[in-house]
Amino acid sequence: MSAAAYDVIIVGAGIVGAACADECARHGMRVRVVDQEMVGGGATAAGMGHIVVMDDSEAQFALTRYSQRLWQELRSELPDDVEYEQCGTIWVAADDEEMDEVRRKQLYYSLREVPVEVLTATDLECLEPNLRCAMAGGLLVPEDGVLYPPCAARFLMERARSRGASLDLGVPVAEIGKGRVRLANGTEFSAGTIVNAAGAWSPALTPGIDVKKRKGHLVITDRYPGFVRHQLVELGYLKSAHSSTTDSVAFNVQPRRTGQVLIGSSRQYGVESKDVDHAIVSRMLERAQEYMPALAHTSAIRVWTGFRAATPDKLPLIGAWPQDSTLYLATGHEGLGITTSLASARLLVDQLTGRRSAIPSEPYLPSRAASMEHAHA
Amino acid sequence: MPDPITVTVNGRSVAVSEGATVAAAMMISGSHCRQSVLGEPRSPLCGMGICFECRAVIDGISHRRSCQILCASGMEIRTDEW
Amino acid sequence: MSGEQKQFDVLVVGAGPAGIAAAVTAAECGARVGVVDDNPAPGGQIWRGESANGLGEAARWLVKLHHQNIQLLSGTRVFDHPAANVLHAETADRFLELSYQKLVLATGARERFLPFPGWTLPNVMGAGGLQALVKSGLPIEGKRVVVAGTGPLLLAVASYLRKHGARIAMICEQASLRSLGRFGLALLSQPQKITQVLALRKDLAGVPFVTDSWPIAAGGDPVLKDVLITRGRDTEKIPCDYLACGFHLVPNTELAALIGCRMRDGYVEVDHLERTSVPDVFCAGEPTGIGGIEMSLIEGQIAGATAAGRPDLAQKHGRARAKLEPFSRALDRTFRLRPELQSLPLPETIVCRCEDVTYSRLKPYGSWRSAKLQTRCGMGPCQGRICGPAAQFLFHWSPDSVRPPIFPAVLNNLAAMACREAQPSGAMRGSE
């Protein structure tokens, strides 16, 4: 079988792999990308495409904010079908306790120069008339946005290819490591660096990666232009995203440029089946109707599932894999893959080229797991 | 001969025979049913509730498949509001 | 939105000939039968608008549908199979959870549409589509109609429209004269078919009928004005008010696929008793193979009898069923699509009507899924029922697997996906 020499081979052509390919190619590296199916066909195709700053932790904030700004810089180059819209997020507070959380977030973001605005109940009614009355208020984050991920991944990959990157689709990857990638059909490639950007499949290729599948469901309606104007997320979403054991749902709704309403979200553990789970969709839609009763009469045209790649500390793995000097990881992005894809690619390439990153890269290093273990030993 | 049923399509009165569907009423009134994503006028294609080209707003509810809905006296039908 | 639960011994999905035959047979065997159908009245496509008060075969069967063991749920669309022996359905204002011991899928078929320039113009419809609209109150008297495409449906539609006053300008059949000749010979073994053909010939006397002919473009703005058809090496432009154009039939197998029934060549696989690969689930009529009305009635009776626990009665129809199989195969062969039809769409011709995706945007992709994700083709409310068969013919893409809901459903009803909190229905007809 033929073997060709590359600087970097990226395994996985989802949004993270595509962003990495784009960044590597931009730096003049010889890049090859391999994917078992298509560009942006995994979690990239299944997710909401919400570009959002999060304040779970300093590290999560730093990465999401850095990456969100990179998307803003990129927006004028994005083709129409990427459907980038800076519609903003409203974190919805259903009661006074959640309003306290709104104020805490407002302080947090203001200190870090993220423009935000506290909304009263009246403000909220004005901005989003289809939300149930008697909400307590919310927090508007106007610089958040949405896009359509499969086309964004395609755009990044096309840019990479225009700079010489090559792409292999449709053959599963059998084995990676020690400077080599072997496809299921026997073809082998060699490279100075291999990047595992295979998302939910990354542990199958690199045993020992602590990434677990976290299943999600989404429902999309027919076209109702103007029904919802911002991405709306309940503050309880954070509790859902935090839980590492129980199945959970949270109100999370997005306006698509088509006028369709995209409804999420759910999280489940230890589930391998791609089938639609009726019980959890039921819960998710009940929750959605609690917040937006007018959704009840909309026409729901599709339901689908996807697997997020989740790590124990909710931060992605970006950087060298300690057990193999040729192997780097860019995976474990859970529900923030779209948002943090661009920054992940920057951090990765910074490490490959020995440059200083715009934000500290230590929190995302794969070696942190080892040092965490070490600390507990 | 049974009395015709009167419905309105975009505010205009249309008389149809009993058993007529909303799609037929729209076609009789000379109206198309919806505008496509690229702005084309669309009318029924399959006649059996599968193609969704016949969607219209019936008594305030959007995205109703008009080829499978019988006209009822006083029904208000609006097009172009997907 | 309120919800109801209903239980049946035998639940039949579809009230066309196959469904009616299954329901009536099962009811006459003593089963409590439910029939679910999404049209306002029973009859499916071919018996649309037929009344129980008429004469003829449709009326005879529709009368029997009034059997006391049968509950007919019209205007009801099944959208999910959430668990074994349960279907979820909705009407305009209700959610229904339907439980069954045995299920008969008689979901029929739909027309196959192929894109060509101008096919999205108002008044370009399916052949069955135009007939359905006329049966639903569209006046056709004095209107000029071109009927085009392929399949016996074209003649049936032309005949019906002519009887209601339409001027049939031309019937264009893409099959070759030779294929049709062979088909005619195959019909000789079916006496009732010969009668039908002779009747059609009489009904359509004087109407130009051309073979090896298909539409190249429909013209007009903003509505249809004329259609350009092939005629040998030439073309001919025919002014018309309506174009009734369909390319034979595609089986409605989505519910069977969702349930997990095994398929063969795109049809639901059944044995001689109409059993599918899934226990307690039967399939009758067009989804098992396009075979026409006689086959649908036979298969419906077989499925109904077996489902009601009387396979002995079902087996009585075995010979009739076997006799009709050559006709099914002949249909398939005769009306196969010719490769020239793959060149009909221009780059700017819309293929996916829900999302307005053009031919040129789709061509670069190697699979249905990648095309869908990148262009939205197939993501609209028709869920790929119109564009899917076209894309399969044009690009040889295999379709995706089926997910619920198999039709768009009101969100509140979808939310009931797993919920069994609805009140049980009132007293059922029949025993217990």
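This is a predicted model: local features need pLDDT of at least 70, side-chain atom pairs count only at pLDDT 80 or more; totals for chains, interfaces and linings use all residues.
Helices here are DSSP runs of H or I with at least four residues, numbered from the N terminus. With that convention in place, I turn to the end of one such element. Just after helix 13 of chain C, His396(C) adopts a positive phi of about 60°.

The buried positions are Cys387(C), Gly388(C), Pro389(C), Ala390(C), Ala391(C), Phe393(C), Leu394(C) and Phe395(C). What, then, covers the buried residues? The covering elements include three strands of chain C, namely strand 7 (109-111), strand 16 (249-251) and strand 20 (350-352). Also among them are helix 11 (359-362) and helix 12 (368-375) of chain C.

I now move to the interface between chain B and chain A. Five residues of chain B contact five residues of chain A. Together the two chains bury about 470 Å², and carbon and sulfur atoms account for 55% of that area.

Turning to specific interactions, how many salt bridges link chain B and chain A? The count is one. It joins the side chains of Arg55(B) and Asp222(A), at 2.8 Å from N to O. On the side of chain B that touches chain A, the residues divide into two nonpolar, two polar and one charged. Finally, three residue pairs are in polar contact between chain B and chain A, with both residues of each pair at pLDDT 80 or more.

Terms used:
Residues are numbered from 1 along each chain as its sequence is written. Chains are lettered from A and ligands numbered from 1 in the order in which they are written. Side-chain values use heavy atoms; hydrogens and water are left out. Contact means heavy atoms within 4.5 Å. Buried area is the accessible area (1.4 Å probe) that two parts lose on being put together, summed over both. A salt bridge is a side-chain nitrogen of Lys or Arg within 4 Å of a carboxyl oxygen of Asp or Glu. A polar contact is a pair of N or O atoms within 3.5 Å; within protein, one must be able to donate a hydrogen and the other to accept it, and residues adjacent in sequence count only if both atoms are side-chain atoms. Ala, Val, Leu, Ile, Met, Phe, Trp, Tyr, Cys and Pro count as nonpolar, Asp, Glu, Lys and Arg as charged, and the others, Gly among them, as polar. Buried means under 20% relative accessible area, exposed over 50%, partly exposed in between (1.4 Å probe, protein chains only). Helices (H or I, at least four residues) and strands (E, at least two) are DSSP runs, numbered from the N terminus.
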